[in-house]
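Subject: Structure for you to look through

Hello,

Here is the structure I promised. Please open it next to this email and follow along.

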Amino acid sequence: MCNASETGLSRGEEARARSGVYGLLARVFRAEADAALLRHLQSPEIVAALGRPGEELAAFLTRQGTDRTLADLAEEYTRLFLGPGPHLSLHEAVLVPGGAGLLWGRETAVVKTCMGEAGCAVADQAELLPDHLAVELEFMAHLCAEEAQGWLSGDAVGARNAAAWQTAFLNGHLGTWVGSVRERLEAARPSPFYAVFAELLCAFVRQEVETCLSR
Amino acid sequence: MQENEKKLLRRELLNRIGLGAATAAVAVTLPAGAGAAVARDPVHYAMVIDTRRCIGCQACSVACKAEFAVPLGATRSWVEYVEKGTFPHVSRQFLPRLCNHCRNPQCVNVCPTGATFKRAEDGIVVVDPEVCIGCKYCIQACPYDARFIHPDTGAADKCDFCLHRVGRGLVPACVNTCQGRARIFGDMNDPASAVAQLIATQPVTVLRQGMGTRPSVFYIAADHSDPRETRVPSQYVRVDTHRRIQERR
Amino acid sequence: MDRRAFLKLGAASSAVAFSGAILSNRAKALPQPGGKDFSPATGAERQAVPSACWQCVTRCPIIGYVEDGRLVKIEGQPDSIRTRGVLCAKGQGGVNQSSDPDRILHPMKRVGKRGEGRWQRISWDEALGDLAARMKKLREAGEPEKVMFHYGRMKASSSKLIGLFFETYGTKTIGNHTAICEAAKWVGQELTWGVHYDNWDFDHARYVLNFGSNILEAHTNHVPTAHRLIDRLASGQLRLVTFDVRLSNTAAKSHEWLPIRPGTDRAAVLALCQVIMAEDLYQGDGAAFLKFCKATSDHQATLEDKVAALKAHLAAYTPEWAEGITGVAAATLRRLAREVATVKPACIISYRGAVAHHHGADTERAIQMLAAITGNIDAPGTRCVAVAPKWKSPTGPENKPKARELKIIDGLKGAAALPNHHVSHQIFKVIKDGSAGRPEVYIWYCHQPVYANGEVQDNIDILKDESLLPFTVCSTPFYDESAALADLILPDTPYTERWDWEDMVSPNQVAEFYIRQPLVPPMGATRDFADVCCDLADRLGMPLGFKSKEEFVRLSCALTPEIKAQGGFDFLRAKGVWHDPAAKPRYFSYRKPLKPEDCQRDGVIKDPTTGVWWDWKKAHVESAALALEVGYRATKKAYAAYVGQEIDGVVYAGFKPDKVNKSGLFELHSDLMTDKGFAPLPSWTPIPEHAAMAKDQLILITYKVAVQIHSRSQNCKYLTEIHHRNPAWINPATAQEKAIGDGDRIAVTSRFGRLETRARVTPAVAPGVIAISHHCGHWEYGRYASSKQAPDGVEDPDAARKWWRDNGAHPNWIIGNVADPISGQLRWMDTVVDVQRI
């Protein structure tokens, strides 16, 4: 794990930051982009943090007016993830390699139970299955927030426990199928917006798996 | 530590540890507009035992024994083997057993001193060895043979859902060790909990349903065959209890 | 994007709080599955110490919990990728080891005759002074081989250190216990794919076909694989079909139990192979794998030739033929053959029920063949070449003598053709015979030669005879049946009080490093036998370069690059376990082509007869010319110089041989078997005793239960409370023929002796069989195992509460130390017996 001297962050701050990344990725894949999201992505710190992809993204987002961009992105989100017609169903049970390829598969039940044990459940109004990419990402955000809370309040044991939950969930679930998401998404010819986020998703989760294992 | 101090601590433990669990919880602040907040019912611990996942390895029996240094001859938790059939159509099913922490506990009903009681904050049925007079009324009354007199204290003793672990955020010893992850433990009043979801969606049974005890231990796919109740006289049904009391009660 | 960038992105995003839109949370603390424990009495946290179990050979990572200096609990290690935090009953029962009231805490010297049970406590100095003097005398006389060391279980760092000691001393008269365990399985594997551990990749299997393994109760990699198997089974991910004479717990959880006559599994397997070949179901994965197989004497045979040869060989082994031998319906065999060939991946598993027989090694070869022709070898979800961590450790003194050996460890003359793992159960017979010499000092460690072998009376008689064995020493924590007959007892520590680095195989093809460390300090005057060896080394004037096992482990952590990089000894002490997070599971290593330079190194040549590329220099051959003339197969220990296997002009890593000069092909057809006078391809041979038995005789089989290991766990009161008696299982039809009722006393008589026990009449065993478990019938080993207190036993309040009197019966009295002629395996399951009610 990166220690404070490497990244300049304390353990609590790092966990909070990781929670933020998961939260952002969850937002991107949960629903169509909205104005708030676009504003956030165009803020200077975000563009700087993202580096080259950030510039690409910024260029894409400012090519047309905001309304036009939002309409295009909404149409793309629908085309990519909702249908009608062939689309990418962003669910672990559908995309995990070796899985049955169906909604409400065994993985869905396992993920639901796991979240339940941690005290979380999908809110009714969200209308998403427990193994939807956005839900799994938000679960990781929640666990990272728990970890951050632990470090910041001096509860090292609680923090480590939350970290263990993260590792288990990454290895057992999220980490096993993000590669599939990226592959299938590439094939669907996404705009730079979703292409960049697919890359970021994959790269971040891979880093997370490596980092968590060496903690 | 003096004996008296030890005893005081024990009583305190029994009374307070449940509260400790609730207040020590980590509060996660969610932004406004987050998912529906769930109303807080009192916690009621329960266990679901999925016998499809049980391999009869007895790790739980020994873990419980070790956790509490249960004296030889007594068992807080044990696994029965239920064997039946005619060659070659033979089955052997495994039935892990423990105190059922009944919602209508017979032991509490009959206890003359109030030594045994069901905790309001989490539903665990406990015994205070300081108050217990060892009359054994509860031992007789329990339809599940879950209680015994501890030779050291002379008081009634039984499974307490690992109160000392659960109150500190750890799962019970039997749950921790189970190879098949057959024992699922949690708050049945929390609709998001695994136990609540399993109870709500799986065909669950309890032991000796007709006794009206309303157990908090639920079984999935349990074989309730009992040699005393075979329909066909020549049918082979054998129950091995793996404890001193070799007949199942 | 690098880590720092992501964290900046996250820091900037967390303020906006994008999450929280989906999940509702009851603001409840995450429950912890393990890694901590508390006292029930005081609530105080118990001290957690990561370590490794030793109740069985699986050696699971554990966490021991200590309170006021006492070991009070043992649990699974949540950080282990092998066990993922779970632990079996035996592991949990380990808390009874350190506090066993019948432990031996001081060195003890025999008083009076062997077996009188009279002892005198002596100091370590006196004990080791005496032993060292005897060893020195023999070495100076040029006869170090007359010191025999016989271990039962000895692995990893213990094995390396203690092995170094005896090697440095100069004796190779070293016995083990493998032949009473799994020699047949190992030799069967050494003849086919070269190495002897098969890992069963249940994480990915969709079909498991089981011949005689009771994996859900006992296995060499028990908890790691059993908990994975039940998970996939219970969640409907795989189908489990079990052939077993008895309804073991594994058979009970299986989708199908096929009762089978003892010792006939090979016939069933050959029939499955026959169907698969005849119906061309080998095509696809099987055909692809056959490229790497040897199926005829020609290592360059075409696929067509191999297929034709297999079909021809198997032609007579039809399901109808097999039905007559096994008792399993032909239609069932045919159906199962089609299932195992088409449901992929299939994991074909086997253990003692199938292989502890006459020609058991050939049964394992047949099972390997079945897996090969269906392409279920070394692939995800199949039986794979096992992966273990590779430790580096100190190698002792530079100049070691050329060790000498009494040739007595491979059994009686002609006992086994390929005793790759020796024939330990015949050691006393061989010593009695004396024609190959006798040891003057016989030392055993973590072993029970009296109880664990067959023909118990024979073992006792020979071990007691001072004219055959002048001086006997054992290192053991407990006063067992063998220690009771020794001249000198050195008190060993149980595993709860010692150090080791550990190296058992992984269930998921990714190696895990782990250590064992004392959970409590050694009690009394007990000492890890490895530490004793360091002491003896000093007394013998041959210091090893380290003073203790702890130091050896510390040095090993510094020498092993992966562990050193993590922080070495201190790191592993704190964490207990470690695996490389970037490691990929290892499959298909056999088909990796070698680099050209691997074959161009000086000394490396191709053997035209076998297609093997080997290093004649490494094999200590004088010249390349001689190497080519004599050939790879005929050169002694050429297998150690194996480099690769050439197939169709490409040199592959292949299946590296381990103990015999086989090629790098997966050898279904073995010239080594032909050399020894056996059929080259797996073949049916009836078991002689079974062919000759009378109609009313039964076959005695043995088995293990989940809460005990063979002989070393019965002092654990929590385990023995659950399993202390072992009534003999008899099928109701068989029982009726003999007028035996449930619970009746019976006499079971073989040509080796007579045993009295009780009957358990149950349909959970095939007719014509009597099944008696191991683990019982102790007459020493402490008051829980035997009702006898050991000399020097101490008070235990629980002892008064021991409610059972019946300690069961020990079947080994009537089972022979009879070897499988191929591998030397003790034939646990072949004994013919008469059974009567008494």
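Below is what I found, chain by chain and piece by piece.

Keep one thing in mind: this is a predicted model.

**Chain B as a whole**

Chain B has 249 residues, and 58% of them are buried. Its secondary structure comes to seven helices and eleven strands. Now take the contacts in chain B with a separation of 6 or more. Of these, 62% join residues 24 or more positions apart. The chain exposes about 10,600 Å². Carbon and sulfur atoms supply 53% of that area.

**Where chains A and C meet through helices**

Which residues make the contact? From α2(A) they include A:E14, A:R16, A:V21 and A:L24. From α1(C) they include C:R3, C:F6, C:L7 and C:S14. By type, the residues of this contact divide into seven nonpolar, four polar and four charged.

Before the sheets, one general point. Strands of a sheet pair through backbone hydrogen bonds, either parallel or antiparallel.

Start with an open sheet of three strands in chain C. The order is β2-β3-β4, and the pairing is antiparallel. Why do β2 and β4 each have one side without a neighbour in the sheet? Strands β2 (47-52) and β4 (70-76) of chain C stand at the edges, so each has a single partner strand. On average, neighbouring strands here are turned by 30° against each other, direction ignored. Strand β3, residues 61-67, is joined to β4(C) by six bridges. One pair to find is C:G64 with its bridge partner C:I74 in β4(C).

**A barrel in chain C**

Chain C also holds a closed barrel of six strands. Trace it as β27-β31-β28-β30-β29-β32, with mixed pairing. Within it, β29 (residues 745-750) and β32 (residues 831-837) pair in the antiparallel sense over four bridges. Here C:V748 has C:V835 of β32(C) as its bridge partner.

**Strand β5 of chain C**

Strand β5 covers residues 108-111 of chain C. Which of its residues lie on the covered face, and which on the uncovered one? C:M108 and C:R110 are on the covered face. C:K109 and C:V111 are on the uncovered face.

This strand pairs with β6(C), residues 118-121, in the antiparallel sense over four bridges. C:V111 has C:R118 as its bridge partner in β6(C). The two strands form a hairpin with six residues between them. In the turn, C:G112 has a positive phi of about 80°.

β5(C) also pairs with β18(C), residues 488-491, again in the antiparallel sense. That pairing has two bridges. C:K109 stands opposite C:L488 there.

**A covered helix in chain C**

Last, find helix α18, residues 456-464 of chain C. Its buried residues are C:V456, C:D458, C:N459, C:I460, C:I462 and C:L463. What covers them? The cover includes α16 (427-433), β16 (441-445), α17 (449-452) and β17 (471-476) of chain C.

Best wishes

Terms used:
Residues are numbered from 1 along each chain as its sequence is written. Chains are lettered from A and ligands numbered from 1 in the order in which they are written. This is a predicted model: local features need pLDDT of at least 70, side-chain atom pairs count only at pLDDT 80 or more; totals for chains, interfaces and linings use all residues. Side-chain values use heavy atoms; hydrogens and water are left out. Buried means under 20% relative accessible area, exposed over 50%, partly exposed in between (1.4 Å probe, protein chains only). Contact means heavy atoms within 4.5 Å. Accessible areas come from the Shrake-Rupley method with a 1.4 Å probe; for residues, only the protein chains shown count as cover. Two strands pair if DSSP finds at least two bridges between them. Axes are lines fitted to C-alpha atoms, for helices over the stretch in contact, and angles run from 0 to 180 degrees between N-to-C directions. Ala, Val, Leu, Ile, Met, Phe, Trp, Tyr, Cys and Pro count as nonpolar, Asp, Glu, Lys and Arg as charged, and the others, Gly among them, as polar.
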